[in-house]
Amino acid sequence: MKNNYDVLIIGGGFAGATTAWHLANQGLKVLLIDSKPWNRIGDKPCGDAVSKEHFDNLGMPYPEGEQLEQKIEGIKLYSPDMKTEWTVKGEGFEINAPAYTQRLLKEASNRGVEVLDMTTAMKPIFEDGFVKGAILFDRRHNQQIEVRAKVVVEATGYSMSFRSKLPQGLPVTESLDDKDADIAYREVAYTKDDIDEPQYLKIFVNQKASPGGYWWYFPKGKNKVNIGLGIQGGMGYPSIYTFYDKYLNEFGSDVDRNRLIVKGGALVPTRRPISTLAWNGILVVGDSAFTANPVHGGGKGSAMISGYCAAKAILNAFEVGDFSAKTLWSANLCYIERYGAKQASLELFRRFLQKLSDDDINYGMRKKVIKEEDLLEASAKGDLQLSVAEKAMRIIAGLGRPSLLMKLKVVAEYMQKAKDLYREYPSDPNNLEHWKSEVNKLLLDFENLMN
Ligand code: FDA
Ligand code: PGT
């Protein structure tokens with residue numbers, strides 16, 4: 001079978017569903033496919049916490065009814081020795097991700113987007129330097145379909161299963177370094193007792209129990225919890241399950257594993273976004289484009305931002321009638337301004353945090369070397385004020401022992417440099433390689449200073 005569309009979206013997770021939602025009813029012929037059956041789309045290992053701001057900023061509907069499991073008022077962050085508790089206030093939702101994702105897809109479908117479940121993109125159609133479509137396999141009807149489209153949106157999550165099959169060397173084939181990802185695992189289960197403050201997410205920082213990541217305890221109502229952890233990839237640590245089994249009792253003693261609802265693990269990219277979301281005939285969004293927050297790993301909000309930016313770039317491309325990298329490029333500028341520059345700065349902060357010892361973190365949090373609001377500003381905006389770092393240095397000076405915390409000022413400076421470099425993101429694809437080499441140089445300089 002052969003078919004022509006204006007846009008083919010591969011993957012119906014948060015990123016793909018958002019792209020479809022923003023493209024619906026705009027006069028374009030759009031097809032979205034996902035390998036999963038309808039009732040499992042959106043069902044992937046996740047902590048399911050999303051800040052309310054993302055929905056507001058993008059004009060998207062709040063989760064409601066069965067899509068919303070708990071309204072969140074803030075995050076409580078615990079030091080490794082559990083002696084310090086920081087509360088960061090902020091509204092958000094603990095969602096039922098499949099229910100919310102399927103809602104977006106249904107709304108898009110009601111407004112004209114075609115959705116095919118149980119359909120997998122097997123390989124790209126690549127001609128004359130352009131992505132022109134994909135060869136699909138539809139398991140519902142056991143048939144192969146050749147779909148040609150002016151623009152293909154790769155929204156396949158951390159599998160990157162479409163773009164990894166494009167000719168290597170295209171900028172959109174950039175791969176993920178193991179160390180630039182966390183391996184994360186979570187279970188959702190009922191609790192033995194009612195949860196005290198279900199309106200607060202809990203995050204436990206502990207390099208022993210979750211090296212290069214953290215444990216979380218995210219309530220889904222009064223007696224249900226999403227609990228899990230992330231550890232840095234590529235470090236040769238024991239398996240994630242070893243950590244889960246060993247430390248579960250420490251962070252979730254009330255979890256009733258006899259009443260387990262779901263379990264599973266996946267990768268979380270913790271780096272700057274892919275160097276370009278756009279190339280000739282293709283846009284990359286969500287985890288596949290490394291859009292998650294490098295410090296807390298949350299990727300649903302930024303997957304939505306990338307989907308929104310992709311939809312805007314596509315509408316513009318159809319107005320102009322050109323689907324080359326040059327025209328689709330506006331997705332990069334949109335995404336970097338809204339989230340990408342902050343990610344670059346936070347990648348550096350993440351590299352620093354992952355090197356801290358539990359002693360450093362205990363000390364840093366107890367003495368408020370950085371305060372809650374500064375951490376929030378750092379993780380929400382990617383800004384670690386130099387004045388904050390300088391003040392921190394004065395406190396740390398009293399430490400009386402060597403500590404990586406001493407480097408906080410350098411970290412703040414480099415975070416700023418990273419943001420500045422992203423402000424100079426090229427407006428033309430021809431200048432991408434030069435800009436990329438500047439970024440790589442900055443990362444290398446930073447690594448040298450941290451070692
Ligand atoms: P996602 O993986 O959701 O979707 C990709 C879709 O593409 C899938 O439905 C898949 O079936 C489909 N697909 C793939 N290849 C295909 C092909 N070739 N053909 C057709 N379909 C194909 N974020 C957050 O905001 N809050 C949180 O609390 C957490 N917690 C968390 C915990 C854990 C354990 C992990 C692993 C991750 C998180 N995250 C998170 C991150 C978050 O889950 C993630 O960033 C987003 O769900 C990414 O959404 P995408 O749409 O990009 O990918
Ligand atoms: C240190 C490396 C960590 C790697 C992390 C990988 C772990 C993988 C697990 C994935 C679980 C995902 C959990 C997602 C939580 C969502 C949190 C959230 O929603 O955060 C909000 C919103 O942020 P945003 O970027 O989506 O949106 C910004 C804005 O609203 C929209 O414009 C913000 O809240 C926070 O940022 C709270 C801070 C949490 C930080 C956790 C970091 C742990 C390390 C801290 C160590 C501190 C030591 C300091 C000592 C000096």
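Predicted model: local features only at pLDDT ≥ 70, side-chain atom pairs only at ≥ 80, totals over all residues.

User: What makes the approach of Asp287 to ligand 1 a polar contact?
Analyst: A polar side-chain atom of Asp287 lies 2.6 Å from an oxygen atom of ligand 1. A polar contact is a pair of N or O atoms within 3.5 Å; within protein, one must be able to donate a hydrogen and the other to accept it, and residues adjacent in sequence count only if both atoms are side-chain atoms. The value of 2.6 Å is within 3.5 Å, so the pair qualifies.
Analyst: Residues are numbered from 1 along each chain as written, chains are lettered from A and ligands numbered from 1 in the order written, and side-chain values use heavy atoms, without hydrogens or water.

User: How do you know how much of ligand 1 the protein buries?
Analyst: Ligand 1 taken alone exposes 1,000 Å², and the protein buries 93% of that. These areas come from the Shrake-Rupley method with a 1.4 Å probe; for residues, only the protein chains shown count as cover.

User: What makes a residue part of the group around ligand 1, and which come nearest?
Analyst: A residue is near a molecule or strand if one of its heavy atoms lies within 4 Å of it. There are 33 residues around ligand 1, and the nearest are Asp34, Gly47, Ala49, Ser161 and Asp287. Strand S7 (119-127) gives the most to this shell, with three residues. Helices (H or I, at least four residues) and strands (E, at least two) are DSSP runs, numbered from the N terminus.

User: How is the shell around ligand 1 divided into nonpolar, polar and charged residues?
Analyst: It has 13 nonpolar, 14 polar and six charged residues. Ala, Val, Leu, Ile, Met, Phe, Trp, Tyr, Cys and Pro count as nonpolar, Asp, Glu, Lys and Arg as charged, and the others, Gly among them, as polar.

User: Why is Thr119 called buried?
Analyst: Buried means under 20% relative accessible area, exposed over 50%, and partly exposed in between (1.4 Å probe, protein chains only). Thr119 has 0%, so it is buried. This residue of strand S7 is in contact (heavy atoms within 4.5 Å) with Ile33, Asp34, Ser35, Leu136, Phe137 and Asp138, leaving aside neighbours within four places in sequence.

User: What is Asp128 called, buried or exposed?
Analyst: Asp128 has 71% relative accessibility, which is over 50%, so it counts as exposed. Asp128 is in the loop between S7 and strand S8 (130-138) and has a positive phi of about 50° although it is not a glycine. Phe290 also has a positive phi, near 55°, but at 0% relative accessibility Phe290 counts as buried.

User: How do you know that the buried residues of H4 line one face of the helix?
Analyst: The buried residues of H4 (residues 240-251) are Ile240, Phe243, Tyr244, Tyr247, Leu248 and Phe251. Seen down the axis of H4, they fall within an arc of 145°, so they line one face. That arc is taken from the directions from the helix axis to the C-beta atoms. The face turned away carries the exposed residues Asp245, Lys246 and Asn249.

User: Which side-chain distances make polar contacts with ligand 2?
Analyst: Oxygen atoms of ligand 2 lie 2.8 Å from an N or O atom in the side chain of His54, 2.6 Å from a polar side-chain atom of Tyr339 and 2.9 Å from one of Lys342. Each distance is within 3.5 Å, so these are polar contacts too. The protein covers 92% of the 1,200 Å² of accessible area that ligand 2 has on its own.
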